[in-house]
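Please open your viewer and get your selection tool ready.

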Amino acid sequence: MSNAENKAAAVIVLAAGAGTRMKSRTPKILHRIGGKSLVGHALDAARGIGPERLAVLVRHQRDLVAAHLAEIATDALIVDQDEVPGTGRAVEQGLDALDADGVVDGTVIVTYGDVPLLTTASLEQLLAAHHEQANAVTVLTTVLADATGYGRILRAEDGSVLGIREHKDASDAERAIREINSGIYAFDAAVLRDALKDVTTDNAQAEKYLTDVLAIARERGGRVAAVVTEDRWQVEGANDRVQLAALGAELNRRIVQSWMRAGVTVVDPATTWIDGTVTLDEDVTILPGTQLHGTTRVARDAVVGPDCTLTDMVIGEGAKVIRTHGSSSEIKAGASVGPFTYLRPGTVLGEKGKIGAFYETKNVIIGAGSKLSHLGYAGDAEIGENTNIGCGNITANYDGEKKHRTVIGSGVRTGSNTVFVAPVTVGDGAYSGAGAVIRKDVPAGALAINASPQRNAQDWVITNRPGSISAQLAQASATPQTSSQSEPTTEGE
């Protein structure tokens, strides 16, 4: 069957549940794993089969969910589920809403907003079987070692599906069945539309069950079949935070394993977390304790870690990033960062540059070959090429009301503990002395110094800290100098 033939007329994603077991102000489907919301993962899988139309059913915390969908699913029709409970009613409303813009004709896929590991490939397999077998309904199933609590798949001798028996209603023999219903279906739109008209809420839960459609379709001569996935994780939902964490760990395991097979070295997969939105080149090395989030991109031969958390970062070829927390910044080829470095948004480190230990940067452009090696802060600044910023330097960029910019040229050498009081410009090739406070522009090639002569207050410790260890040691050291042959010392000499 060609890809063109194996298409869905529509996908309906059920995302209206309250998710009360999550015990959260955040709607269940908006909880995130692998860099995306649960519903975001579900929508990605659905879009992969190229449906002509897409609908998402919402209800619980409707405005929050709708706002999120407006960001990630502008192609989706948002449908509000009414007060009638049950998946059958939700699908009925979704189909009615889609029909309002033109009657759906073909195959309708029904899936859920909380099955983040479901893949496009599984939906394609479901669609292919549905079309090849000319089924009225095809259900995705899996086999569990312990099927307690799940609806069991009842099969006829020819392998078709007789029905689905909920666990509480099942006999002992039926409870021994390990094939379970995932709740994910392919329906013939006409069969679904007609059957839903006859589904009632006349049951113990007073709900409109979607599973009733299977029995109705079969009674009317339609074939009901199942496609079994061997990967149970694909049909697992997250009902509480324990399940959410388990799904997140499994998704991460798959992502990490996929990158290793693509040529990335991950030294310790157990402590490495990589979002599904991250991009890695061959021969990247990820060391233990590293988390890569968002749109982070890491180029060939770069080494990241140990103990890094990078979000929306760009790491150039051959760069090294060690024990660093960074976001929305760029480290160019051959540059090095860390350890214990904090890169805030807007940091750009040029080729073969360095940001060293205990440094914080923000909104700063650093030229190729320049080094900010240790113990400093650079914010709202521009630094040229091959400049060396001394230990303990800071840009004082905030005057209490506004941020100001510091511009430091190329080939500059600054002494330890230099403070640049912005706005200020330092010309190419300039130097600063240790402890300088740069309040005025420094011309190219100039040396900026503003230190006062040192003054020593003789015997200050002995006088002001009598009895202390320092005073005792000072007294002992001073004793030889107090002999009659010692010359008096002038203060400040």
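We will go from stop to stop, selecting a few residues each time.

**Before you start**

This is a predicted model, in which local features need pLDDT of at least 70 and side-chain atom pairs count only at pLDDT 80 or more, while totals for chains, interfaces and linings use all residues. Residues are numbered from 1 along each chain as its sequence is written, and side-chain values use heavy atoms, with hydrogens and water left out.

**Stop 1: helix H2**

Select residues 62-72, which form helix H2. Helices (H or I, at least four residues) and strands (E, at least two) are DSSP runs, numbered from the N terminus. Which residues of H2 are buried? Val-65, Ala-66, His-68 and Leu-69 are; buried means under 20% relative accessible area, exposed over 50%, and partly exposed in between (1.4 Å probe, protein chains only). These residues cover an arc of only 160° around the axis, so they sit on the same side of H2; the arc is that of the directions from the helix axis to the C-beta atoms. Now turn to the face away from that buried side, where you will find the exposed residues Asp-63 and Glu-71.

**Stop 2: two nonpolar cores**

In soluble globular proteins, nonpolar side chains tend to be buried together. A nonpolar core is a set of buried Ala, Val, Leu, Ile, Met, Phe, Trp, Tyr and Cys residues joined through side-chain atoms within 4.5 Å. Select Ile-12, Ile-109, Phe-187, Leu-192 and Leu-210: they have the most contacts inside the largest core, which has 65 residues. Next, pick out Met-22, Leu-280, Ile-389 and Val-426, which are included in a second, separate core of 53 residues.

**Stop 3: salt bridges**

A salt bridge is a side-chain nitrogen of Lys or Arg within 4 Å of a carboxyl oxygen of Asp or Glu. How many are there by this rule? The count comes to 23. Show Glu-179 and Arg-155, whose closest N and O atoms are 2.8 Å apart. Glu-179 belongs to strand E10 (residues 179-188) and Arg-155 to strand E8 (residues 152-155), so this pair links distant parts of the chain, 24 residues apart. Glu-179 counts as buried at 12% relative accessibility, whereas Arg-155 is partly exposed at 33%.

Then move to Glu-282 and Arg-300, which meet in a salt bridge at 3.6 Å, N to O. Each lies in a loop, Glu-282 between strands E14 (279-280) and E15 (285-286) and Arg-300 between strands E17 (297-298) and E18 (303-304), so the pair ties together parts that are 18 residues apart in sequence.

**Stop 4: an annotated site**

Which residues does the UniProt annotation "binding site" cover? According to the unreviewed entry, they are Asn-397, Tyr-398, Ser-416 and Ala-434; UniProt positions are given in the numbering used here, feature names are shortened, and annotations may be inferred rather than shown by experiment. Ser-416 is in the loop between strands E32 (413-414) and E33 (419-421), and is partly exposed at 35% relative accessible area. Ala-434, in the loop between strands E35 (431-432) and E36 (437-438), is exposed at 60%. Leaving aside neighbours within four places in sequence, Ala-434 is in contact with Gly-415 and Ser-416, where contact means heavy atoms within 4.5 Å.
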